[in-house]
Amino acid sequence: MIRLLICLFMLALLVSGCGGEEKKAAPPLTVMTEGSTAKDFTLKVADGSTITLSSFKGKPVVLNFWASWCPPCRAEMPVLKDAAGAYEGKVQFIGVNIQDGDGNFRRALSEFGLSYPNGRDEDLAISQAYGVMGLPKTIFINRKGVVSYVHAGKIDEATLASALQKISG
């Protein structure tokens, strides 16, 4: 009797497809290295507008991936804020927040006084396109749209200044 029930159960699994709808596979993770062409993206930023990376073509870009719960991200925010102010009009800073709800995202923007465009990567498409596997990650893109430097982990003032000089000089 138990064998019959097991056989019926297995037959039911086979007939039902063992799990319903087929899920779409996530796109492969890209590894961004120096010399890679920056991938275009669209990001809805905190003020409700949308920006695209390609709209900044001809201008150097600092792309910073962060989260409010990440201690190294929080530690580098004042450094990024100061640099964004110092390079205003010369280099475009963009913050890409991942894995935060809207409330935590907005609280962090307010807490650190970040005025450069920041948005949430809700579906992680931008993070996947840029190979973000850990936070924080900062990518420096030159005027031609080519990645000049990739920094994983908390960035300090000296490293940031050197990378900014490389893309803005």
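1. Asp-102 is partly exposed, with a relative accessible area of 36% (buried means under 20% relative accessible area and exposed over 50%, with partly exposed in between, for a 1.4 Å probe and protein chains only). Arg-106 is also partly exposed, at 39%.

2. The model is predicted: local features need pLDDT of at least 70, side-chain atom pairs count only at pLDDT 80 or more, and totals for chains, interfaces and linings use all residues. Residues are numbered from 1 along each chain as its sequence is written, and side-chain values use heavy atoms, with hydrogens and water left out.

3. Asp-102 forms a salt bridge with Arg-106, with the closest N and O atoms 3.0 Å apart (a salt bridge is a side-chain nitrogen of Lys or Arg within 4 Å of a carboxyl oxygen of Asp or Glu). The two residues are four apart in helix α3, which places them about one helical turn from each other. Helices (H or I, at least four residues) and strands (E, at least two) are DSSP runs, numbered from the N terminus.

4. Asp-102 also meets the side chain of Arg-120 in a salt bridge, at 3.8 Å from N to O. Arg-120 lies in strand β5 and Asp-102 in helix α3, so this pair ties together parts that are 18 residues apart in sequence. Through shared partners, salt bridges join Asp-102, Arg-106, Arg-120 and Glu-122 into one network.

5. The search of the whole structure finds five salt bridges. One of them links Glu-111 and Arg-74, whose closest N and O atoms are 2.5 Å apart. Glu-111 lies in helix α3 (residues 102-112) and Arg-74 in helix α2, so the pair ties together parts that are 37 residues apart in sequence. Arg-74 is partly exposed, with a relative accessible area of 27%.

6. Five strands form an open sheet in the order β5-β4-β3-β6-β7, with mixed pairing (two strands pair if DSSP finds at least two bridges between them). Its edge strands, β5 (118-120) and β7 (147-152), each pair on one side only. Neighbouring strands are turned by 15° against each other on average, direction ignored; axes are lines fitted to C-alpha atoms, for helices over the stretch in contact, and angles run from 0 to 180 degrees between N-to-C directions.

7. Within this sheet, β3 (residues 61-66) and β4 (residues 92-97) pair in the parallel sense over six bridges. Val-62 stands opposite Phe-93 in β4. Helix α2 (residues 71-86) lies across β3, β4 and β6 (137-141), and runs at about 160° to β3; contact means heavy atoms within 4.5 Å.
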